[in-house]
Amino acid sequence: MSERPEWKEEITKRLTNLKLDPGREAEIVDELSQHLEEHYQESLAGGASEGDARRMALEELSEVKSPRREKPLAVATTDTRQNLLAQGLRRVEREMKPRSVVWGGGSRKNLLADLWQDVCYGLRQLRRNPGFTTVAVVTLALGIGANTAIFTLTDAVILRTLPVHGPGQLVLLKWGAHLWPNTNRSYSWPGCPGMGRAAALAIPGGCSFSYPVFEQLRRVRAGFSGFFAFTGSEPFDTTFQGTVSSGRGQFVSGSFFPVLGQRPAVGSLLEPIDDVTGAAPALVLGYGYWQSRFGGDPSVVGKTVQVNGSPFTIAGVSAKGFMGLEMGIPVDFWMPLSCQPSVFPYFPKKSDAAGIWLDVGGRLKPNAELPRAQAAVSLIFARAATSGPGAILKPGDAPHVEMPSLNRGLATLRQQFSEPLSVLMAAVGIILLIVCANLAGLMLARATTRQREIAVRLAMGAGRGRIIRQLFTESALVAAAGGGLGILFAYWGASSLASFLSTNVYTGLEIDTRPDFQVLGFTLAISALAAVLFGFAPVVLGSRVDLVSGLKEGGGDAPGSIGVGKRRAHFGSGLVVAQVALSVLVLAGAGLLVRTLVNLETMNVGFDKRNLLIFDVDTTLSGVKGPQLQVLSRNLQDRFTSLPGVTSVSYSMTSLLSGSDVTTVVFLPGAQGERSASVDELPVGPHFFHTMRISVLAGRTFAPVDFDPKAKPEPVVVNQMLAHRYFGNDNPLGRSFGESAKTPDWQIVGVVADAKYSALREPIEPTVYRPLRTSPFGPAFELRTARNPKALISLVRSATEKVNKNLLLANIATQTEQIDKTLYQERLIARLSAAFGFLALVLSGIGLYGLLAYQTERRTHEIGIRMALGAQKRDVLSLVVTGGMSLTMIGVCIGIAGALGLARFLSSLLYGVKPTDPFTFVAVSLVLISVALLACYIPARRAAKVDLMMALRYE
């Protein structure tokens with residue numbers, strides 16, 4: 001007996017050229033093979049031999065019915081017979097409608113169709129539950145928006161690179177040594193890496209060099225393609241076509257723009273030929289300053305603008321987006337170093353090797369080895385610093401040069417904001433975790449109510465993997481919507497933060513908070529992360545449905561689903577505990593930072609800060625300088641004293657709590673042993689202590705004769721800190737000391753109470769008040785008033801013009817406003833952290849309420865049985881509240897333990913409060929427990945009011 005025919009092989013061979021979908025081909029092969037087998041068996045039963053029966057069956061493949069004719073297709077030749085099946089089926093397949101995708105389809109070619117179907121189905125599900133969708137999207141948008149806003153600010157201030165050619169090849173030169181150099185005069189500028197105020201006082205080092213050192217460095221070619229020098233930006237008075245304004249200018253070497261690889265937006269930039277003695281003074285405008293001051297008019301190129309009275313020709317405008325080497329701190333214009341002596345003659349002379357005042361940067365060659373280049377520069381600096389008449393160090397001081405990268409610009413804003421932004425970034429990260437935990441609880445409860453739907457889909461053939469993918473698609477849709485809305489929140493939030501900073505710092509900021517690819521990538525990443533975080537557990541647990549119990553009404557309570565129900569309940573409880581613990585972290589940090597702000601705002605500064613109007617008088621355009629300044633100051637003092645509402649007037653070198661100070665090394669012979677000390681120094685005018693209301697503890701203050709430059713010894717007034725530290729219980733009055741150990745020419749005539757000098761956070765140091773006899777700058781005035789100080793501003797301006805029309809008033813504000821400006825960083829952090837803490841508190845309360853409301857509803861039948869057995873309403877209340885409060889207490893304990901461990905990272909931002917402050921932690925715990933109690937009481941009260949008969953019938 002011959003073997004049974006293999007119909008499938010024959011059919012598959014004839015379908016080769018059709019290139020059907022594998023699933024569709026398998027379906028056709030199965031159906032036709034069954035048809036051929038039936039025809040074969042009928043032929044055998046009719047008496048045909050096996051060969052004839054097989055041949056007749058195969059002829060069926062050649063007589064394919066046309067979809068448009070009832071007659072069979074003619075078979076022309078034996079060669080074409082093999083292709084007739086494929087030809088007929090090709091027409092049939094072409095005229096068939098596209099097949100719908102079945103649930104659980106596993107074909108790779110159906111992947112996109114499946115995904116699109118998942119998206120459409122997910123959108124329908126979200127549209128059917130508008131309340132859930134709205135809450136989920138808005139909550140997630142707040143979390144993502146807060147993270148994106150803080151990251152946008154971080155990106156603009158800390159992460160972005162300079163908009164110059166090859167920023168990775170730029171380096172900044174920074175010297176270091178064992179001891180501080182012995183210089184004639186030194187200037188240091190903000191932005192030197194690792195040289196904040198505390199570091200600058202403790203570790204010898206800096207980024208300032210003398211001009212002779214810069215000239216020697218320019219001749220180095222080992223590893224470098226060029227060097228450039230620059231000073232810090234300073235405020236200058238500019239006059240253009242009779243209009244006077246103020247702008248921040250910077251002196252740069254002629255190699256500044258060429259080494260940076262900059263191109264002008266209009267005109268030309270400074271070249272080395274512009275930075276030589278005798279060259280015509282040229283100036284380059286910053287793009288933003290050109291737009292705001294000159295209206296973006298290209299014709300200003302070639303015209304003359306006066307800077308501090310010196311004429312400059314506008315050579316061109318810098319490229320759009322380039323603000324200088326300080327990211328976010330724009331420079332309005334650049335001038336050649338050769339013009340510095342005539343415009344700003346206060347820096348050391350270029351020939352002074354012992355005067356350091358220039359920052360120096362360089363560009364490395366593409367293949368340069370950093371250690372070799374650094375060694376070459378260190379050798380030049382060490383030789384120049386330890387030899388010759390301008391030696392400022394000894395060989396044993398080990399002078400050397402480091403070369404930190406300049407690719408992200410100077411470190412001014414990074415050093416100022418990196419730690420606060422890190423704290424805020426951590427806070428918003430915790431907020432996002434709380435949001436995800438909250439949404440996970442909502443998704444879990446929602447998945448429980450969809451058990452019957454999922455069971456039906458599983459019964460119809462959908463695989464568990466397909467169910468998980470569908471639920472994850474819904475989570476991704478929520479995350480995408482939350483991310484899109486979060487971008488809008490972030491743009492508004494980042495713009496508001498940048499505006500707050502720009503209006504509260506002394507140097508105007510221009511922080512670009514427009515979203516770029518880096519910000520959009522961050523938003524996309526955290527949206528995807530959020531989708532995974534809040535969707536994973538609910539998706540996995542929600543897809544575990546017992547078909548038998550799930551297809552029944554109330555299947556979720558059926559015995560078959562008890563294990564899954566317990567897992568969901570435990571997971572939901574864990575989410576609540578996590579939310580409470582994370583909320584404690586945010587609230588504790590917010591509490592410490594808010595207490596810091598309160599301590600700074602309410603501290604005793606040593607003088608009366610109320611009803612004080614302060615301002616600086618700029619005398620640059622007036623031409624008044626030297627001894628004439630004292631006469632001008634007295635005339636202004638008399639004018640201001642006569643104004644209505646003014647009770648007292650004085651002036652000083654700089655106003656208190658302005659962020660500026662002068663430090664001097666003095667020698668105190670006989671002060672508990674001959675010794676030298678570093679003290680704060682403040683030259684002041686007549687009636688200063690009376691105007692500021694600083695108490696006089698001993699002796700007297702300054703008399704008119706004390707302001708005579710010929711008066712010797714010079715009378716000084718010291719604060720209580722200096723008197724106590726250096727003279728102990730001895731009487732300091734009449735003691736002499738000074739800046740020279742050989743000829744102490746200062747004599748103490750009075751002792752006053754301690755007062756804050758430069759900043760609220762700075763400790764009070766020994767301070768010497770001297771009579772302001774002469775100064776290179778205009779004075780800062782202090783006006784004590786009997787009414788609102790701001791109401792006198794117009795009168796003050798008018799009085800100033802009567803004395804000299806070329807005098808300009810700058811930084812005019814009340815003393816309270818100036819103090820508030822010094823606290824802008826603390827205020828920003830405290831307000832944001834408080835807002836984030838409040839958001840965390842609300843989210844935790846909502847999460848706890850949602851869990852208890854869901855669990856209470858699921859336990860309605862159980863509660864009915866308890867009440868039928870004699871339980872009272874108070875017992876039901878206690879049952880629900882106790883369960884919720886136990887979760888809260890567990891979360892509070894975990895959160896406090898974590899907060900105590902993490903609070904030490906806030907220590908540098910705190911003032912007057914310890915990181916482990918018990919009052920803060922107790923207050924945070926009580927607030928959180930109170931909110932949790934309210935969240936527990938609402939569902940508990942609802943459960944206690946349930947109707948007994950309805951509860952017993954509840955499924």
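The patch consists of Val 138, Leu 142, Leu 488 and Phe 489 and covers about 320 Å². Patch residues have over 30% relative accessible area and no salt bridge; like charges are joined within 9 Å and nonpolar side chains (Val, Leu, Ile, Met, Phe, Trp, Tyr) within 5 Å. Accessible areas were computed by the Shrake-Rupley method with a 1.4 Å probe, with only the protein chains shown counting as cover for residues. Phe 489, which is found in helix α15, is partly exposed at a relative accessible area of 32% (buried is under 20%, exposed over 50%, partly exposed in between).

The model is predicted, with local features requiring pLDDT of at least 70 and side-chain atom pairs pLDDT 80 or more, whereas totals for chains, interfaces and linings use all residues. Residues are numbered from 1 along each chain as its sequence is written, and side-chain values use heavy atoms, without hydrogens and water.

The largest nonpolar core comprises 64 residues, a core being a set of buried Ala, Val, Leu, Ile, Met, Phe, Trp, Tyr and Cys residues joined through side-chain atoms within 4.5 Å. Leu 140, Leu 501, Ile 511, Phe 534 and Phe 836 have the most contacts inside this core. At least two core residues come from each of α6, α13 (412-449), α15, α16 (517-542), α18 (562-602) and α24 (824-858). Helix α13 gives the most, with 17 residues.

In helix α21 (residues 720-727), the buried residues include Leu 722, Ala 723, Tyr 726 and Phe 727. These four lie on the same side of α21, because the arc that they cover around the axis is only 100° (taken from the directions from the helix axis to the C-beta atoms). Just after α21, Gly 728 adopts a positive phi of about 60°.

The structure contains 1 disulfide, defined as a pair of cysteine sulfur atoms within 2.5 Å. Cys 192 is joined to Cys 207 with an S to S distance of 2.0 Å. Cys 192 lies in the loop between β3 (185-186) and α7 (197-202), and Cys 207 in the loop between β4 (205-206) and β5 (208-209), so the pair ties together parts 15 residues apart in sequence. The disulfide is right-handed, because the torsion about its S-S bond is about 75°. Both Cys 192 and Cys 207 are buried.

A search of the whole structure gives 14 salt bridges (a side-chain nitrogen of Lys or Arg within 4 Å of a carboxyl oxygen of Asp or Glu). One of them pairs Glu 601 with Arg 827, with the closest N and O atoms 3.6 Å apart. Glu 601 is in helix α18 and Arg 827 in helix α24, so this pair ties together parts 226 residues apart in sequence. Glu 601 is partly exposed at 33% relative accessible area, whereas Arg 827 is buried at 7%.

Arg 770 and Glu 714 form another salt bridge (2.9 Å, N to O). This pair links strand β25 (residues 767-771) with strand β22 (residues 714-719), 56 residues apart. Arg 770 is buried at 18% relative accessible area, and Glu 714 is buried at 6%.

Note on methods:
Buried means under 20% relative accessible area, exposed over 50%, partly exposed in between (1.4 Å probe, protein chains only).
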